[in-house]
Amino acid sequence: MNKIEKLLVIVGRIFFVCVCVFLVVWILTWAFHFAADTSDKPPFTLYSADIDDFAMFKNEDSGKHYYDSHANEYTEAQFYEMLPTFYCKQLIVNEKLPDTLYGRPVSAKFIQNENFTFKTAPAAVNKREIALYPLMESMSGRVDLEMPTDVFRITGNAIEFVDMATNSVDETKSDLFTKMFVQKGFAFPAHIISGNPTTKKEYDNGYLITDSNDKLFHLKMQRGRPYLRPIELPDGIVPKHIFVTEFRNQRSLAFISDTENRFWMLDAKNYGLRKAEIPDFNPETDGMMIIGNFHDWTVSVSSGDQLRYFALAADDLHCLKSYEVPTEEPTQLQRIGNILIPIQLKFLSGLDGDVWPRVAVLGE
Amino acid sequence: MFYKEWIKTRWFYLVCVLVTFSLCGYEILNINRLVSLKGAAHLWEVAMFRDAIFIDMLRYVPLLVGIVAAVVQFVPELVHKRLKLTMHLPRGYVRSVMEMLLFGFGCLALLFSGNLVMLLFGLQTFFADEIVWHIVLTALPWYLAGLSAYILVAWICLEPIWRRRILNILISIACLRVFYMSPAPEAYNRLLPWLAVLVVVSLALPLLSVVRFKEGKE
């Protein structure tokens, strides 16, 4: 064998050893998690203004269990009455829906109109998306929304509408919208483009877009014409993730998380920002669920093994109450596994859809 | 050496060209049929919002081609004991086997590139570039798996010791599993460059078996 051949054989040997070590760690990690992982669902938790505490419900082997964060027990009927906005329909059937709630006269229609649910998970936020977006007609005058026949993309110097049937750029419409973008001072290309491209919603509020200078814009199409409005943000607020809400009550335009992991609500009426009084929230690593009503919002923030609940006042989003679910101690099997397999290797993660080697040392 | 390998495998590669290009053509025709049945907008929507990639049928085709290519090229060498003759050529046995591997690897790379180019042009007829690349990037790991399968099966075939051969089979299965861990579109984008490097480096693996073969271990 000459020198190159010898080198190739050495490379082969090193590669073989590396592959073996890699595969053994990967397979042992998989086997360990297969045997040791448990999936204990947290109880359903909602803030109840009636008891000024978090009301919880868990379906266990011994039956349904209703309680609060101080371990006070409740009956099913009491539980429904503690959460009148969430169980509105049930209370109507039981003829127990009050006329006045939290000092405000209410009707079933009003309550249902104000209720909303918002959910975001890291896997959805980090998902690779195709950068094409359908822009619906926001003022069609029809009850049902319709998907358009074209989609838009924002390039380095224009917004282009591509007709799906012919797979070609609609130059007239693209020029019309691009002119509006230029006129409003939009600096191409876009950083964030966020909307809800579905017809399964009450109304369409278009897209919120940030330009290359992180300036925020609201884009809609009204009777075939572009609507682009720049939104002034207070100094120091740079949006990182935007979630267009399109809730039935039409109070908010979007939820925004910024580069400093603060969480804001963008008001639909005056485009003003209201800060939610919750600790750091990073949509790329943390999950969030909000169940809101006209009086308060229950915000759950999950970050790794940590699960926290916050009750916010619906009017100014100040924190009324917070509760952190106690973290479960690792089981005996998990402890042993972490010692026996100090270095663990996984390719998949719940945070994103990417296949990528992720190494954890000592059960991190 | 390349000419010898070409004589040995030319019919196989001809069949591969026919089969793989036909399958790519079938997928493109199938998209054309769906466009006429349901409209282009529907296909765009399911691609953008429901992770449809329309060419799922091709997922395991490169893998199968890679496995069969290695079997077709290396099993006759062992059955007819031609590998022993190769060992005694004056040009060096490692070089000879490396050239055999490079021939197969090159042919498959050419075949798979042709398939991908055909898909690229075919899909551009119906979809915007964003969707076309989304689909092609999703399919790329399947083709890398095909190249990897070729090298790993060659490694298994050339191994003279049966116990080691079984170990090689197990390692190969685990390695190939890496290419099929997630069906999500573009899930391998970050890993693709590294996988490509590892596939090329893995060309050195069959040499270990050849060295043992030369040493007379059986």
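A cavity, as the word is used here, is a set of grid points where a 1.4 Å probe fits but cannot get out. The model described below is predicted, and a search of the whole structure finds three cavities of 30 Å³ or more.

- The largest cavity has a volume of about 70 Å³, and 13 residues line it.
- Of these lining residues, B:T138, B:P141, B:W142, B:S182 and B:Y188 lie nearest the centre of the largest cavity.
- Sorted by class, the lining of the largest cavity consists of nine nonpolar, two polar and two charged residues.

**Chain B as a whole**

- Chain B contains nine helices and zero strands, so that, read from the N terminus on, its elements run α-α-α-α-α-α-α-α-α.
- The C-alpha trace of chain B spans about 65 × 30 × 25 Å along its principal axes.

**Helix packing in chain B**

- Two packed helices are described by the angle between their axes and the distance between the axes.
- In chain B, helix α5 (residues 93–124) and helix α6 (residues 129–158) pack at an angle of about 160°, and their axes lie 10 Å apart.
- Because of that angle, α5(B) is roughly antiparallel to α6(B), angles over 145 degrees being counted in this way.
- The crossing in which α5(B) passes α6(B) is right-handed, and the contact of α5(B) with α6(B) has 22 nonpolar, four polar and one charged residues by class.
- Helix α1 (residues 2–38) of chain B also packs with α5(B), their axes coming within 10 Å and crossing at roughly 20°.
- The helices α1(B) and α5(B) are therefore roughly parallel to each other, since angles under 35 degrees count as such.
- The crossing of α1(B) and α5(B) is right-handed, and by class their contact has 17 nonpolar, seven polar and four charged residues.

**Charged pairs**

- Side chains of opposite charge can pair when their charged atoms come close.
- Over all chains, the structure holds 24 salt bridges, and one of them joins the side chains of A:D150 and A:K173, at 2.8 Å from N to O.
- Because A:D150 lies in strand β8 (residues 150–154) of chain A and A:K173 lies in helix α6 (residues 171–183) of chain A, this pair ties together parts that are 23 residues apart in sequence.

Technical notes: Residues are numbered from 1 along each chain as its sequence is written. Chains are lettered from A and ligands numbered from 1 in the order in which they are written. This is a predicted model: local features need pLDDT of at least 70, side-chain atom pairs count only at pLDDT 80 or more; totals for chains, interfaces and linings use all residues. Side-chain values use heavy atoms; hydrogens and water are left out. On a 1 Å grid over the protein atoms alone, a cavity is a set of points where a 1.4 Å probe fits but cannot get out, and a pocket is an open set with protein on both sides within 12 Å along at least five of seven lines; lining residues have an atom within 4 Å of a point. Grid points are joined across faces, edges and corners, and a volume is the space filled by probe spheres set on the points. Ala, Val, Leu, Ile, Met, Phe, Trp, Tyr, Cys and Pro count as nonpolar, Asp, Glu, Lys and Arg as charged, and the others, Gly among them, as polar. Axes are lines fitted to C-alpha atoms, for helices over the stretch in contact, and angles run from 0 to 180 degrees between N-to-C directions. Helices (H or I, at least four residues) and strands (E, at least two) are DSSP runs, numbered from the N terminus. Angles under 35 degrees count as roughly parallel, over 145 as roughly antiparallel, 65 to 115 as roughly perpendicular and the rest as oblique. A crossing is left-handed if the near helix is turned anticlockwise from the far one by less than a right angle, and right-handed if clockwise. A salt bridge is a side-chain nitrogen of Lys or Arg within 4 Å of a carboxyl oxygen of Asp or Glu.
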